[in-house]
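This report describes selected local features of the structure shown below.

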Amino acid sequence: MRSAKDFFTPLAVGAPAPVREVPARPSRMIHFFDPSNPRMAAKVPQLVGTVDVLLGNLEDAVKAENKDAARAGLVEIARATDFGEHTQLWTRINSLDSPWVLDDLTTLVTEVGDRLDVIMVPKVQGPEDIHYVDRLLAQLEAKAGLTRPILVHAILETARGVANVEAIAGASPRMQGISLGPADLAADRRMKTTRVGGGHPGYLVRVDPVDGDITGARPTFQQDLWHYTIARMVDACAMHGIFPYYGPFGDIADVVACEDQFRNAFLLGCVGTWTLHPAQIAIAKTVFSPSAQDVAHARRVKEAMGDGTGAVMLDGKMEDDASLKQCLVILELADRLSA
Ligand code: GLV
Ligand code: MG
């Protein structure tokens, strides 16, 4: 059973007063495993302490014929593993319109509800989906005699979900965060892509022609397909004091583009990402931890700003209350990671 010290009130500098409590421990990477796959399940104990979150996936990527085995496997793993102080246990249940979700919730809460930190709900369309899960959890927790509420994380992967993202973020005090689900979202929006997250070489802008010559060589710049959605999700999460995450990056071999995508999300405000392969764990850890250079700079600004008001010049740049607040965000994250 996790203790009360595992919860904290997020300090978003300059943001409205936090409205709820979310887990204090950082979750830079939510590492997915398939509990029905004995090879992956066997690796779980080795990952404890290395990853911030281990997520037993019951939804997509688990074959229909393996849904029961995945659920049972997760119960077994949850019971047998000591997750220690630094690794949380999450699950992704099946979608609310599937034949498996009721069994997912009843079994997991009843059998291992005291071990589960967060339940990730896929394909959330609106606050009503969160209300439904919230009610069910409340009933199941009461029946199981659980004293610590299980938190809820929504995946943003339908057009309707994106349209309702602010209401989803604020739908329940259980809301821990929201992840981008680029693969399902692309399909739901009828985007003409075939990938799991990341960019696309066709989504670009070209610099203007010189002297009207459209045939001359002109550089192009690839654009981020996910910028709009991530920015919307980040705003919704900040408004409600919960955490935003990037989701899956399916091109496991392309560690360079993966790092770029993760970094864009980090810079825009996300606190973490999903990792689908061990190769992505180290990338997420590096990207979602503030760099030593950024921390050193933030400390200098804090020191130079004295009582925090007014403006100072540092290395030829103006620093004021607002840049100090940005620096405090970096320092708070660094503190939390070193705790
Ligand atoms: C994740 O579930 C996605 O659809 O991208
Ligand atoms: Mg999905």
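Two residues are taken to be in contact if their C-beta atoms, placed from the backbone, lie within 7 Å. The structure is a predicted model.

With residues up to four places away in sequence left out, Val287 touches Glu259, Phe262, Arg263 and Phe266. Val287 belongs to helix H10, which spans residues 278–287. Val287 is classed as buried because it has 25 C-beta neighbours inside 10 Å. Between the C-alpha atoms of Val287 and Arg135 the separation is 36 Å, and the two residues are 152 positions apart along the chain.

**Ligand surroundings**

The shell around ligand 1 consists of Asp60, Pro122, Ile155, Glu157, Gly181, Pro182, Ala183, Asp184, Val196, Gly247 and Pro248. Helix H7 (residues 182–188) is the element that gives the most to this shell, with three residues. In terms of class, six residues of the shell are nonpolar, two are polar and three are charged.

**Nonpolar cores**

The largest nonpolar core has 73 residues, and the members that touch the most others are Val121, Ala154, Leu156 and Met233. Apart from neighbours within four places in sequence, Met233 contacts Leu156, Val165, Ile178, Leu180 and Pro244. A second core of five residues is separate, and Val301, Met305, Leu324 and Cys327 are among its members.

**Packing of H3 and H4**

Helix H3 (residues 101–112) packs with helix H4 (residues 127–144) at an angle of about 35 degrees, and their axes are 9 Å apart. The crossing of these two helices is right-handed. On the H3 side, the contact involves Leu105, Thr106, Val109 and Thr110, while H4 contributes Leu136, Leu137, Leu140, Glu141 and Ala144. The contact of H3 with H4 comprises six nonpolar, two polar and one charged residues.

Most residues other than glycine have a negative phi.

Terms used. Residues are numbered from 1 along each chain as its sequence is written. Chains are lettered from A and ligands numbered from 1 in the order in which they are written. This is a predicted model: local features need pLDDT of at least 70, side-chain atom pairs count only at pLDDT 80 or more; totals for chains, interfaces and linings use all residues. A residue is near a molecule or strand if its C-beta atom, placed from the backbone, lies within 6 Å of it. Helices (H or I, at least four residues) and strands (E, at least two) are DSSP runs, numbered from the N terminus. Ala, Val, Leu, Ile, Met, Phe, Trp, Tyr, Cys and Pro count as nonpolar, Asp, Glu, Lys and Arg as charged, and the others, Gly among them, as polar. A nonpolar core is a set of buried Ala, Val, Leu, Ile, Met, Phe, Trp, Tyr and Cys residues joined through C-beta atoms within 7 Å. A residue is buried if 20 or more other C-beta atoms lie within 10 Å of its own, exposed if 12 or fewer, and partly exposed in between; C-beta atoms are placed from the backbone. Axes are lines fitted to C-alpha atoms, for helices over the stretch in contact, and angles run from 0 to 180 degrees between N-to-C directions. A crossing is left-handed if the near helix is turned anticlockwise from the far one by less than a right angle, and right-handed if clockwise.
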